[in-house]
Amino acid sequence: MSETLQDEGSASAARLISICIPTCNRPALLEQAIESCHAQTYGEFEIVIGDDSNDDSAQRVVARCRLRGTQPIRYERNVPRLGQAANVNRLFARAQGARLVLLHDDDLLEPGALTRLDACWHPHPELSAAFGKQRVIADDGTPRPQATERLNRDYLRVPERAGRLPVPALAGIDQMFPNNGYLVDTLTARRIAYRAAAEVGEACDFDFGLRLSVEAVAICFVDEFVSVSRETAASISTHALPAMHAFAQLRASSVPEAAQAARENALRRVAPRAASAYARAGEPAAAWRVLLSRHYPMRDRLRARFFYHMLLATRSAFALRTPNGG
């Protein structure tokens with residue numbers, strides 16, 4: 001009898017999913033994120049919140065949400081604040097589920113997200129992670145269908161890639177792996193961990209997805225919507241910032257032989273944006289290295305954009321040599 005109860009307890013623990021939400025000064029959006037968790041069709045989950053806010057407004061939101069849901073919400077206020085990477089890693093450490101979902105406080109989960117992602121483990125128990133498509137909404141919640149189509153097409157979240165990926169590293173190299181809304185083995189998430197901005201700049205999410213994908217035993221892509229990405233002013237600017245960091249990480253990463261060609265293609269896609277980002281960040285030498293590398297396609301060097309990037313790099317170098325930038 002005791003062995004049966006122990007087996008049932010182990011099975012229940014294995015089914016528990018921890019939804020990890022890092023939050024900072026966005027109580028109204030946090031409440032919507034929590035409500036999207038309460039709407040899940042999958043019942044065995046907990047919500048774990050790490051709060052970097054300046055006041056207790058998020059804590060008051062959590063108190064209200066606890067009255068409206070049956071799943072446990074475990075809240076922790078970070079004093080002093082931890083910052084993005086350390087806050088996420090603290091959430092990974094606090095997660096009690098065998099698997100976890102990272103959900104940014106300004107984004108949402110589709111009602112069937114956990115059910116759809118969990119289903120990937122049934123035929124593939126060896127999975128390290130699973131993810132699906134993202135739906136895009138405006139800051140006020142208005143659907144952005146064209147942005148949704150473009151986002152998933154550009155990141156190769158297409159029907160042809162549905163299922164267990166033949167080369168897991170491709171999920172990170174091709175930027176298929178999303179910034180949040182994925183389901184991942186908890187021990188794997190802790191081992192990979194987020195790296196601080198001092199190491200990877202503004203590309204923390206990309207860096208985590210790339211390293212996870214390279215090391216993963218197996219990854220599955222679900223050709224269904226599982227999360228909602230909100231286009232805030234901050235998120236739009238953040239999407240533009242990581243290009244130079246993504247380029248550096250792709251170039252430095254050690255990937256399987258089967259993924260080498262994909263990495264070269266990814267570097268060619270990112271190179272023009274990386275050159276521009278380096279120049280705008282006041283790093284003209286790095287910009288010139290990208291501009292003159294094999295990864296800046298020769299065909300693109302005949303286009304106006306290449307000459308514009310050359311101009312940006314030249315201006316950046318001149319500004320560094322000129323006192324006070326002028």
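A residue is called buried if its relative accessible area is under 20%, exposed if it is over 50%, and partly exposed in between (1.4 Å probe, protein chains only). The structure on display is a predicted model, in which local features need pLDDT of at least 70, side-chain atom pairs count only at pLDDT 80 or more, and totals for chains, interfaces and linings use all residues. Residues are numbered from 1 along each chain as its sequence is written, and side-chain values use heavy atoms, with hydrogens and water left out.

**First stop: the backbone**

Select Val79 and Pro80, which are joined by a cis peptide bond with omega of about -5°. Pro80 is found in the loop between β3 (73-77) and α4 (84-94). Here helices (H or I, at least four residues) and strands (E, at least two) are DSSP runs, numbered from the N terminus.

Next, select Asn25, in the loop between β1 (17-23) and α2 (27-38). Asn25 is not a glycine, yet its phi is positive, at about 60°. Its relative accessible area is 36%, so Asn25 is partly exposed.

Then move to Leu156, in the loop between α6 (145-154) and β7 (163-164). Leu156 also is a residue other than glycine with a positive phi, near 60°. With a relative accessible area of 27%, Leu156 is partly exposed.

**Second stop: aromatic rings**

Rings of Phe, Tyr and Trp (its six-membered ring) pair if their centres lie within 6.5 Å; planes under 30 degrees apart count as stacked, over 60 as edge-to-face and the rest as tilted. By this rule there are nine aromatic pairs.

Select Phe92 and Tyr194, an edge-to-face pair with 6.3 Å centre to centre and 75° between the planes. Phe92 lies in helix α4 and Tyr194 in the loop between α8 (186-192) and α9 (197-200), so this pair ties together parts that are 102 residues apart in sequence. Phe92 is buried, at 1% relative accessible area, and Tyr194 is buried at 5%.

Now select Phe131 and Phe221, a tilted pair with 5.4 Å centre to centre and 35° between the planes. Phe131 belongs to strand β6 (residues 129-138) and Phe221 to strand β9 (residues 219-231), so the pair links parts 90 residues apart in sequence. Both Phe131 and Phe221 are buried.

To see one aromatic cluster, select Phe92, Phe131, Phe177, Tyr182, Tyr194, Phe208 and Phe221 together.

**Last stop: charges over rings**

A charge sits over a ring if NZ of Lys or CZ of Arg is within 6 Å of the ring centre and within 35 degrees of the ring normal. Select Arg99 and Trp121: Arg99 lies over the face of Trp121, at 4.9 Å from the ring centre. Finally, select Arg135, whose charged end sits over the ring of Phe225, 4.0 Å from its centre.
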